[in-house]
Amino acid sequence: GSFKDGKKDGFWKYYSLNGKLIKIGQYIESKEEGLWKSYFHSGQLLFEQNFKDGKLVGLWKEYHLNGKLREEGNFMDNKKAGLWKRYDTNGKPRLEFNYKDDKKEGLWKEYHLDGKLSKIGSHKNGLAEGLWKEYHLDGKLSKIGSYKNGKSLGLWKFFFETGSLFA
């Protein structure tokens, strides 16, 4: 990279001690700008991040070592915002969740390895809130209950895989 008036400017490349590229992106007046990419020491892509005036904005992606997408979501003014998704090493969805001002907000879904829904609920201001349900591998309800400000509230019901209530 280079400097302009004592500040980082233009495209910069960072390398590991063994000479492998580990990061590349552009600076304007020492602030990250545009698309930045980071790499595993193997050379495989690790992150794709977008910056505006040194702050994370727009689409952000993280990859597994095998090259499959691990997580994706958006940033707004350096804070996580909107829908985020997380995937297993085979590319199957594992989690879907939402952020508002860098805190979990709204619908939360988790999936079993086979792709079926395992858990559903919501967050408010970063904490579990309202009705939550969990499911057995066969799709039958395994647990149901509520949260208030991140703490379990009231009666929770647990179910055997047969569907009968655990007493």
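Trainee: Let me start with one side chain. What relative accessible area does lysine 143 have, and how do I class that value?

Mentor: The general idea is a pair of cut-offs: buried means under 20% relative accessible area, exposed means over 50%, and partly exposed is in between, with a 1.4 Å probe and protein chains only. Lysine 143 has 22%, so this residue is partly exposed. Keep in mind that this is a predicted model, where local features need pLDDT of at least 70 and side-chain atom pairs count only at pLDDT 80 or more, while totals for chains, interfaces and linings use all residues. Residues are numbered from 1 along each chain as its sequence is written, and side-chain values use heavy atoms, with hydrogens and water left out.

Trainee: Which residue forms a salt bridge with lysine 143?

Mentor: A salt bridge here is a side-chain nitrogen of Lys or Arg within 4 Å of a carboxyl oxygen of Asp or Glu. For lysine 143 the partner is glutamate 134, and their closest N and O atoms are 3.3 Å apart. Glutamate 134 is also classed as partly exposed, because its relative accessibility is 23%.

Trainee: How many salt bridges does a search of the whole structure find?

Mentor: There are ten. One of them pairs lysine 31 with aspartate 53, at 3.5 Å between the closest N and O atoms. Lysine 31 is in strand β4 (residues 31–39) and aspartate 53 is in the loop between β5 and β6 (55–56), so this pair ties together parts that are 22 residues apart in sequence. With a relative accessibility of 38%, lysine 31 is partly exposed, and aspartate 53 falls in that class too, at 47%.

Trainee: What about the network of salt bridges: which residues are linked in it?

Mentor: The network links Glu62, Arg70, Glu71 and Arg86. Look at the bridge between glutamate 71 and arginine 86, whose closest N and O atoms are 3.3 Å apart. Glutamate 71 belongs to strand β8 and arginine 86 to strand β9 (residues 79–87), so the bridge ties together parts 15 residues apart in sequence. Glutamate 71 has a relative accessible area of 5% and is buried, whereas arginine 86, at 26%, is partly exposed.

Trainee: You keep naming strands. How many helices and strands does the chain have?

Mentor: Helices (H or I, at least four residues) and strands (E, at least two) are DSSP runs, numbered from the N terminus. This chain has zero helices and 15 strands. Its radius of gyration is 21 Å, well over the 15 Å from the globule rule for 167 residues, so the chain is more spread out than a compact globule. That radius is taken over C-alpha atoms, and the rule is 2.2 Å times the number of residues to the power 0.38. Along the principal axes, the C-alpha atoms fill a box of roughly 70 × 30 × 20 Å.

Trainee: How do the strands pair? Which strand is joined to β7 by six bridges?

Mentor: Two strands pair if DSSP finds at least two bridges between them. The six bridges join β7 to strand β8 (residues 69–76), and the two run antiparallel. In that pairing, tyrosine 63 stands opposite leucine 69. Their hairpin has five residues between the strands, with glycine 67 at a positive phi near 95°. On another side of the pairing scheme, two bridges join β7 (residues 58–63) to β5 (residues 45–52), again antiparallel. There, glutamate 48 stands opposite lysine 61 in β7.

Trainee: Last one: how many residues are in the largest nonpolar core?

Mentor: A nonpolar core is a set of buried Ala, Val, Leu, Ile, Met, Phe, Trp, Tyr and Cys residues joined through side-chain atoms within 4.5 Å. The largest one here has 15 residues, and those with the most contacts inside it include Trp60, Phe97, Trp108 and Trp132. Two or more residues come from each of β10 (93–100) and β13 (127–135), and β10 gives the largest share, three residues. Leaving aside neighbours within four places in sequence, the contacts (heavy atoms within 4.5 Å) of tryptophan 108 include Phe97, Ile120 and Trp132.
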